[in-house]
Amino acid sequence: MIRVGLLGSGFIADTYADALQDVRGAELVATYSRDLARAQAFAEKWGPIRRQYDDMAALCADPEIDLVVIALPNEVHVEAVRIAAAAGKGIVCTKPLARTGAEAAEILRIVRDAGVWHGYAESSVFSPNIAKAHQMVVAGAIGDPLTMRAREAHSGPHAPHFWDAETAGGGALLDMGCHTVESARHFFGKDNPVTEVFAWGATMAHADKTTGEDTAIALLKFAGGQLAQIESSWIEKGGMQLRHELVGTAGRLVTDTSHTPVWGFIENPAGYLVEKADAETGWVYPVPEEARAYGFSQEMRHFVERFAEGREPDETFDDGFVVNCILDACYASMRSGVWETVSLAR
């Protein structure tokens, strides 16, 4: 049994706790929040969780914890990784790994120097729709993949810290584009690097809340000649939009993770429907089993199994570093208005 300590008590921590319920070989034994009362409330909700902490170092030093899962805001990731690595724990970190390529490089240096196991929690590549499409692409179903268009959109973040672009490190592109950048690498091959990017972004609807971009589009050129177009939006009402379209020499594939078999028109609220639903009545499109539909359960199972086996997972901090470097180049392109070269200098 792999004993897990969870850093965080917000939305993504809730999602990870839910996902861990599906992992037979894992036990959630400790949780952390800066506010001990929140940690205790979290433990009651997802319990039995035996230990609650308001000190990260104390949780990471707990000898009963094998694996630390970081579900904290972007600006805390370096500190959290440093503390967990110093305690010799295996580490899973939520996306994005860091705010910049430089911070991601520091995170990589920390875990390598400490010699600890690490997994990058990029959920999209583990979602059932994407996993099936990837299986078909690898089998040659659409011939040689040529282009990918991916779109992730909703009406804006659920927590105030996301809106502070200076602290968070960016806006919609960093928050959501990290998913679609990694799914492009997943489909076109991690040994096929992104060499150039072109990006545009603007604050179109939320200038009262953020100085970061709430809308962004990026083009990613791969060394093998493939092209990915990714769209990231915080301005779309009506719930999540998660869509991929892949075109190859022998066909095309479409995935729509937000598509749901349950939908209808309701006049009375029915409780929680879906992340970022924006409305409780009218036409509604609830997503059953969100933690599973979006790949969170599958990624946590993968990480726990690989950690127990002492094997490297499919998504590591190396992948998170590459994603951060690609996004750095996208932000540089937003500022310059020209194509920018991706640099993986550490």
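**A serine and a sheet**

Modeller: Let's begin with S123. This is a predicted model. S123 has 4% relative accessibility, so S123 counts as buried, the cut-off being under 20%.

Biologist: Where does S123 lie?
Modeller: In the loop between β6 and α6, and α6 covers residues 128–138.

Biologist: Which residues does S123 touch?
Modeller: H179, Y294, G295, F296 and E299. That leaves out residues up to four places away in sequence.

Biologist: New topic, the sheet. What is the strand order?
Modeller: β3-β2-β1-β4-β5-β6. The sheet is open, has six strands and shows parallel pairing.

Biologist: Which strands stand at the edges?
Modeller: β3 (51–53) and β6 (118–121). Each has a single partner strand, so one side of each is left without a neighbour in the sheet. On average, neighbouring strands are turned by 25° against each other, direction ignored.

Biologist: And β4 with β5, how many bridges?
Modeller: Four, in the parallel sense. β4 is residues 67–70 and β5 is residues 90–94.

Biologist: What is the bridge partner of I70 in β5?
Modeller: C93.

Biologist: Which strands does helix α2 lie across?
Modeller: β1 (2–7), β2 (26–32) and β3. Helix α2 is residues 36–46, and runs at about 155° to β3.

Biologist: Last one. What does UniProt list for residues 131–253?
Modeller: An unreviewed entry there gives "domain: GFO/IDH/MocA-like oxidoreductase". In the model, that stretch of chain is 27% helix and 36% strand. The C-alpha atoms at its ends are 12 Å apart.

Terms used
Residues are numbered from 1 along each chain as its sequence is written. This is a predicted model: local features need pLDDT of at least 70, side-chain atom pairs count only at pLDDT 80 or more; totals for chains, interfaces and linings use all residues. Side-chain values use heavy atoms; hydrogens and water are left out. Two strands pair if DSSP finds at least two bridges between them. Helices (H or I, at least four residues) and strands (E, at least two) are DSSP runs, numbered from the N terminus. Axes are lines fitted to C-alpha atoms, for helices over the stretch in contact, and angles run from 0 to 180 degrees between N-to-C directions. Contact means heavy atoms within 4.5 Å. Buried means under 20% relative accessible area, exposed over 50%, partly exposed in between (1.4 Å probe, protein chains only). UniProt positions are given in the numbering used here, feature names are shortened, and annotations may be inferred rather than shown by experiment.
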